[in-house]
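Hi everyone, thanks for coming. Today I'd like to walk you through one protein model, step by step.

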Amino acid sequence: MTILTRLLSTFALALALATPHAASAQTYPARPIQVVVPAGPGSATDTVTRLILKKMEEQGSFSRPFVVVNAVGPLAATRVKDAAPDGHELLVYHLGLPGLRAVGRLPFGVEAFEVLAQTGSTRFLVVAAAEGPYKDLRSLIAAAKARPGEITEANSIGGAVHIAALSLAEEAGFKARIVNVGDGPKRLASVLGGHTAYTLVSPQEYLGFQGKGVKALAVVGAERSRIWTDVPTTRELGLATDISVDVWWFAPKGTPAAIVSRLSDAIGKAMADPGLKDALDKQGVDAVHLDAAGAKARVQQIDRIVQPMGPALGG
């Protein structure tokens with residue numbers, strides 16, 4: 001072997017060691033892409049995720065299929081954080097991720113991931129039993145003020161719904177007794193079964209229970225729902241609370257920039273499809289899309305708001 005050959009071989013080896021993900025980025029994906037969702041089937045995040053993945057597969061963005069994995073919030077985040085940074089495990093989450101960090105249920109936060117995109121935004125509905133004692137949000141608030149800490153609220157400690165419910169209660173001047181139930185369908189089942197008095201859920205979650213013994217008292221925010229136009233907003237009741245749930249997509253920290261770019265572009269292509277926008281609209285989701293840079297700025301903005309809420313959230 002000549003000196004030149006040795007030098008070239010050494011250089012090639014050094015280059016390969018210095019760029020361990022270069023080849024994987026070129027051949028990505030090498031297997032099905034697992035997308036981890038922090039709630040069960042039928043939840044808001046699960047519904048939006050599946051709609052977007054279906055469109056991405058229809059568009060042929062990748063040569064391998066997507067597989068949705070449903071897991072409990074902290075477990076979902078930890079699983080993807082610890083996954084190999086090769087783009088084969090992704091996380092879809094919302095402001096519940098910084099919420100878990102704020103209450104101490106996670107030792108890490110949004111900084112542990114590469115941000116891929118934001119896909120949609122939804123507003124919570126305040127929901128109670130259809131045949132229960134609360135005909136509207138005013139009567140619920142009045143009862144909660146008259147009996148501090150007695151009216152039960154189905155919640156998910158540290159999650160997005162907890163942040164929204166706490167903000168609403170603090171502004172309205174009442175304190176409910178929090179019952180940690182879990183995701184949206186479980187919270188609605190709790191209200192329907194008479195175990196709790198009310199909860200906050202997304203439009204997607206409410207759709208699955210509409211007409212089955214629960215009713216929407218108000219939309220949290222300034223704009224009425226395009227689906228339930230007769231349901232008043234909290235703004236109409238004189239409350240300024242305006243908490244929406246943005247859907248964020250993440251990859252493990254250190255995922256190659258080329259893979260992050262491919263994923264972000266594919267998500268953006270799906271979100272630009274009129275059919276997907278229509279499907280999201282029917283679910284009560286505003287088809288807001290932010291690319292990797294825009295979503296990262298939004299995630300960091302929300303994180304700065306949520307972290308100081310830790311003590312009030314129970315952290």
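Predicted model: local features only at pLDDT ≥ 70, side-chain atom pairs only at ≥ 80, totals over all residues.

To find the residue, look for helix H6, which spans residues 137–146 and holds Ser139. The relative accessibility of Ser139 is 22%, so this serine counts as partly exposed. The cut-off that matters here is that buried means under 20%, while exposed means over 50%. Ser139 and Tyr198 are separated by 59 residues in sequence, and their C-alpha atoms lie 12 Å apart in space.

Now let's zoom out to the whole chain. The protein chain has 315 residues, and 52% of them are buried. Its secondary structure consists of 13 helices and 11 strands. If you draw a box around the C-alpha atoms along the principal axes, you get roughly 90 × 40 × 30 Å. The accessible surface is about 13,800 Å², and carbon and sulfur atoms make up 57% of that. Here is one for contacts: of those with a separation of 6 or more, 77% are between residues 24 or more positions apart.

Next, please find strand E4, residues 113–123. Of the 11 residues in E4, 9 are buried, so to speak a mostly covered strand. Which strands does E4 pair with? One is E10, residues 244–252, which is antiparallel to E4 and joined to it over 8 bridges. You can check this on screen with Gln118, whose bridge partner in E10 is Trp248. Another is E11, residues 286–290, also antiparallel to E4, with 3 bridges between them. There, look for Thr119, which stands opposite His289.

Last stop: the largest pocket. Its volume is about 570 Å³. How many residues line this pocket? The lining has 36 residues, and those nearest the centre are Pro38, Ala39, Ser156, Gly182 and Asp183. Several elements give two or more residues to this lining, among them helices H3, H7 and H8, and also strand E10.

Conventions: Residues numbered from 1 in each chain as written. Heavy atoms only, no water. Buried < 20%, exposed > 50% of the residue type's maximum accessible area, 1.4 Å probe, protein only. Helix = DSSP H or I, 4+ residues; strand = E, 2+ residues; numbered from the N terminus. Pairing = 2+ DSSP bridges. 1 Å grid on protein atoms, 1.4 Å probe; cavity = no way out; pocket = protein on both sides within 12 Å on 5 of 7 lines; lining within 4 Å. Points joined across faces, edges and corners; volume = space filled by probe spheres on them. Contact = heavy atoms within 4.5 Å. Areas by Shrake-Rupley, 256 points an atom, 1.4 Å probe, with all protein chains shown as cover.
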